[in-house]
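Work through the exercises below with the sequence and the 3D structure at hand. Try each task before reading its solution.

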Amino acid sequence: MKALEGIKVLDFTHVQSGPTCTQLLGWFGADVIKVERPGVGDATRKQLVDVPGADSLYFTMLNHNKRSIELNSKDSVGKKNSNTVNSRM
């Protein structure tokens, strides 16, 4: 059994330090769900792309042990969906 098994984490972070932190939580057993902007995703998906049409290695290295959802937390439907996801955690 891992230390954080059974813990769910919503990851609203991006770029370097936040994704690294939530990656560590995932390594310790937490179920990490990365929340990304609809149609855009995390900015690092397209940074330093080495294989055309694929997510960048940089993004993959920081997020390989996470699930992802798209959620616009700035509109009313997105806020409602965010609250629904949060209440199920």
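This is a predicted model: local features need pLDDT of at least 70, side-chain atom pairs count only at pLDDT 80 or more; totals for chains, interfaces and linings use all residues.

**Exercise 1.** What joins the side chains of aspartate 31 and arginine 67, and which elements hold the two residues?

Solution. The two side chains form a salt bridge, with 2.6 Å from N to O. Aspartate 31 belongs to strand β2 and arginine 67 to strand β3; the pair links distant parts of the chain, 36 residues apart.

**Exercise 2.** Classify arginine 45 and glutamate 36 by the cut-off of Exercise 1, then state how their side chains meet.

Solution. Arginine 45 has a relative accessible area of 18%, which means that this residue is buried. Glutamate 36, at 5% relative accessibility, counts as buried too. Their side chains meet in a salt bridge of 2.8 Å, N to O.

**Exercise 3.** How many salt bridges does the model contain, and why does the one between aspartate 11 and lysine 66 tie together separate parts of the chain?

Solution. The count comes to six salt bridges. In the one between aspartate 11 and lysine 66, the closest N and O atoms are 3.0 Å apart. Aspartate 11 sits in strand β1, while lysine 66 sits in the loop between α2 and β3, so this pair ties together parts that are 55 residues apart in sequence. Both aspartate 11 and lysine 66 are buried.

**Exercise 4.** List the elements of the chain in order, then describe how strand β2 is paired on each count.

Solution. Begin with the inventory: the protein chain has three helices and three strands. Read from the N terminus, their order is β-α-β-α-β-α. Next, take the pairings. Strand β1 (residues 8-11) pairs with β2 in the parallel sense over four bridges, and valine 9 stands opposite valine 32 in β2. Strand β3 (residues 67-70) runs parallel to β2 and is joined to it by four bridges; here isoleucine 33 stands opposite arginine 67. Last, look at the cover of β2 (residues 31-36): five of its six residues are buried.

**Exercise 5.** Which elements make up the β-α-β units, and are these units right-handed or left-handed?

Solution. One unit consists of β1, helix α1 (residues 17-27) and β2, and is right-handed. Another consists of β2, helix α2 (residues 57-63) and β3, and is right-handed as well.

**Exercise 6.** What share of the residues counts as buried, and what share of the accessible surface belongs to carbon and sulfur atoms?

Solution. Of the 89 residues, 30% count as buried. The accessible surface comes to about 5,900 Å², and 59% of that surface belongs to carbon and sulfur atoms. For the overall dimensions, the C-alpha trace spans about 40 × 40 × 20 Å along its principal axes.

Terms used
Residues are numbered from 1 along each chain as its sequence is written. Side-chain values use heavy atoms; hydrogens and water are left out. Buried means under 20% relative accessible area, exposed over 50%, partly exposed in between (1.4 Å probe, protein chains only). Two strands pair if DSSP finds at least two bridges between them. A crossover is right-handed if, with the strands pointing away from the viewer, the path from the first strand over the helix to the second runs clockwise. A salt bridge is a side-chain nitrogen of Lys or Arg within 4 Å of a carboxyl oxygen of Asp or Glu. Accessible areas come from the Shrake-Rupley method with a 1.4 Å probe; for residues, only the protein chains shown count as cover.
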